[in-house]
Amino acid sequence: MDKLSNILIVAGTHGNELSGIYTHKLIEEGLFIADRSTFSSTSVIANPTAVRHQCRYMDNDLNRQFATRSDATSCPSNEALLARQFIDKYASNNNQLIVDLHNTTSNMGATLILLSENPFYRKMGAYVKQRMPAANILFESHKPWNELPYLCTCGEYGVMIEVGAQSHGSLQYGTLELMKEMLTAVLDFVEKHNLNQLGELSNYTAYYYTQEITYPLDSSGMRQAMIHPTVCGRDFEAVKPGEPLLATFFGYDVHWQGEQDVYPHFINESAYSKANIAMALAEKQLVSVNKP
């Protein structure tokens, strides 16, 4: 893969996720250095109107507007127009990595979300895991790149950083430090990649997204279950076959019906409430760094 000459750091894709917004502020004020010897970095706010209103979005989720089948001209929402403007301005930039910064109400710690399994991303996961052993590496590579709706996929290269747990609209010292630490590791990885100085990288375990679990609803659209207390707050911890995922209001549980352990994440994420998503599930796999 070619050397990367620019890093585009994006904050405020969701206007109430303050870890990224304040990381952007630190970069703008020279209090966080994002440049390296082999590349320059640019930091931008993706949805300034939502940031001003301290809300996730104005009309539609900006981080779901970037699949090729999305047609901004047929849906002139604030976010559809922003997506088209973002694509026009940044998507064609060669040798650029987009790093999109997010925080979550779920107890996911520092999570690097990789959307492809090509060697560059597998090595990035290994490097970040080496620098931050407690970090989680999550692959959402279940769809082709051009079918993924995320902002960071509008160009040739992109990743997301997710930190939590943190309430939307709030700012916490610990989560901001986690974001700065993981962003630093990603920037340092690119520098070493450009210099051919990555050295020995070890295989590592990572999580691979498989599906979402939704709440059962009654005829009026009200939920009939909650996150089971043995799962709540335990992102990336194993749930074995037959163990509960949800607790219903009727005295019985909804159990995991798969044949192998599963790893819930984005558990009880408040931003997914509107879609009645209780959690996402993943499998745990060993990642081979040197696989072609």
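Is Glu17 buried or exposed, and at what relative accessibility? Select Glu17: at 3% relative accessibility, Glu17 counts as buried (buried is under 20% relative accessible area, exposed over 50%, partly exposed in between, with a 1.4 Å probe and protein chains only).

This is a predicted model, in which local features need pLDDT of at least 70, side-chain atom pairs count only at pLDDT 80 or more, and totals for chains, interfaces and linings use all residues. Residues are numbered from 1 along each chain as its sequence is written, and side-chain values use heavy atoms, with hydrogens and water left out.

**Stop 1: the annotated site**

Stay on Glu17, in the loop between strand 1 and helix 1 (helices, H or I with at least four residues, and strands, E with at least two, are DSSP runs numbered from the N terminus).

Move to His102, in strand 3. His102 counts as buried, at 2% relative accessibility. Its side chain makes a polar contact of 2.7 Å with that of Asp100.

**Stop 2: helix 1**

Select residues 18-28. Helix 1 is mostly covered, with eight of its 11 residues buried. Among the buried ones are Leu18, Ile21 and Leu26. Their cover includes strand 1 (6-11), strand 2 (40-45) and helix 5 (173-194). Just after the helix, Gly30 takes a positive phi of about 75°.

**Stop 3: aromatic pairs**

The structure holds 12 aromatic pairs (rings of Phe, Tyr and Trp, its six-membered ring, with centres within 6.5 Å; planes under 30 degrees apart count as stacked, over 60 as edge-to-face, the rest as tilted). Select Phe66 and Phe86. Their ring centres are 6.1 Å apart and their planes at 80°, so the pair is edge-to-face. Both Phe66 and Phe86 are buried.

Next, show Tyr207 and Phe236. This pair is tilted, at 4.6 Å centre to centre and 35° between the planes. Tyr207 and Phe236 are both buried.

Definitions and conventions: Contact means heavy atoms within 4.5 Å. A polar contact is a pair of N or O atoms within 3.5 Å; within protein, one must be able to donate a hydrogen and the other to accept it, and residues adjacent in sequence count only if both atoms are side-chain atoms.
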